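Dear colleague,

I am passing on the structure below, together with some notes on what was found in it. Please read the notes with the structure open beside them.

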Amino acid sequence: MKIHFLGTGDAFCSGGRYQTCFLVELPDYVFLIDCGATSLMAMNNSGIDPGIIDSIIISHFHGDHFGGLPFMLLDANYKHKRKTPLNIIGPPGIGRRVGELLDIMYPMVTLDKLSFKVNFVEYHHSGVVTQGPLRIESYPVIHVPEALPHGLRISYQDKTLAFSGDTGWTDELFKISESADLFICECNFYDSHTPTHLNYQTIMDQRENLHCQRIILNHLGPEMLENQDRVALECSYDGLIINI
Ligand SMILES: [Zn+2]
């Protein structure tokens with residue numbers, strides 16, 4: 001797996017970072033994890049052709065994680081005249097929510113009139129979905145409940161990429177990160193506490209109980225950016241590329 005960190009910021013693009021978006025390239029398959037509102041700009045700035053993407057996996061229904069989908073759909077339809085199907089995998093209601101978002105942002109553009117088919121696939125709490133060569137496990141996490149927040153374990157052959165999504169502390173993170181080759185963990189704060197996001201101190205307190213090969217902190221807010229020189233764990237940045 002080649003993981004290209006396209007967007008590593010919070011909802012407010014703190015530090016000028018793009019919102020959450022990771023491009024993962026396999027030998028025969030390409031997918032995105034989350035598609036924040038800034039994702040198409042991030043891809044264009046990196047010289048990545050969105051047409052190579054087979055699937056997009058969404059962790060929850062917040063704009064900095066799925067708000068870029070209408071732009072991706074329009075770009076594929078009008079600019080690239082895409083013909084191959086696009087799979088969008090997400091929490092229950094993914095098809096309805098994306099359709100509504102598209103309708104609000106671009107009235108008269110509907111999913112059934114695009115130049116390509118969009119296949120929506122729902123995952124459920126602690127369930128497993130198979131999509132192409134991917135095995136996707138989803139776990140409920142602690143964030144705004146209405147956004148249906150999930151952490152994800154995405155496996156390809158013997159490699160596993162884990163992603164916390166947006167969450168406060170939950171023991172589900174042990175399961176999500178167990179034996180993962182890479183765990184991308186949100187870390188919005190340095191030491192401030194909120195039930196809906198993690199801070200660095202909490203992750204450090206739990207680090208030895210998180211049994212993953214490697215952990216990279218993501219979704220950095222202003223407090224984390226200001227304290228980054230005091231952080232002992234790896235932090236993501238836009239443009240980072242990791243091979244696992
Ligand atoms: Zn977020």
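Which residues does F22 touch, not counting residues up to four places away in sequence? F22 touches I3, H4, F5, L6, L32, I33 and D34, where two residues are in contact if their C-beta atoms, placed from the backbone, lie within 7 Å.

Before going further, please note that this is a predicted model, in which local features need pLDDT of at least 70 and side-chain atom pairs count only at pLDDT 80 or more, while totals for chains, interfaces and linings use all residues. Residues are numbered from 1 along each chain as its sequence is written.

F22 also belongs to the largest nonpolar core, which has 60 residues, and together with L32 and I57 it touches the most other members. Such a core is a set of buried Ala, Val, Leu, Ile, Met, Phe, Trp, Tyr and Cys residues joined through C-beta atoms within 7 Å; a residue is buried if 20 or more other C-beta atoms lie within 10 Å of its own, exposed if 12 or fewer, and partly exposed in between.

Turning to the strands, strand 2 (residues 21-26) and strand 3 (residues 29-33) run antiparallel and are joined by five bridges, with L23 having L32 as its bridge partner in strand 3. Strands (E, at least two residues) and helices (H or I, at least four) are DSSP runs numbered from the N terminus, and two strands pair if DSSP finds at least two bridges between them. Both of these strands lie in an open sheet of seven strands with mixed pairing, ordered 6-5-4-3-2-1-14, whose edge strands, strand 6 (118-122) and strand 14 (241-243), each pair on one side only.

Another open sheet of seven strands, also with mixed pairing, has the order 7-8-9-10-11-12-13, and its edge strands are strand 7 (127-131) and strand 13 (234-235). Within it, six bridges join the antiparallel strand 8 (residues 134-140) and strand 9 (residues 150-156), and R135 stands opposite S155 of strand 9.

Finally, in helix 4 (residues 94-105), I94, V98 and L102 are buried. They lie on the same side of helix 4 because they cover an arc of only 65° around the axis, the arc being that of the directions from the helix axis to the C-beta atoms. On the other side of helix 4, R96, E100 and I104 are exposed. The cover over the buried residues of helix 4 includes helix 3 (69-79), strand 5 (86-90) and strand 6.

With best regards

Key: Expected span 1.5 Å × (residues − 1).
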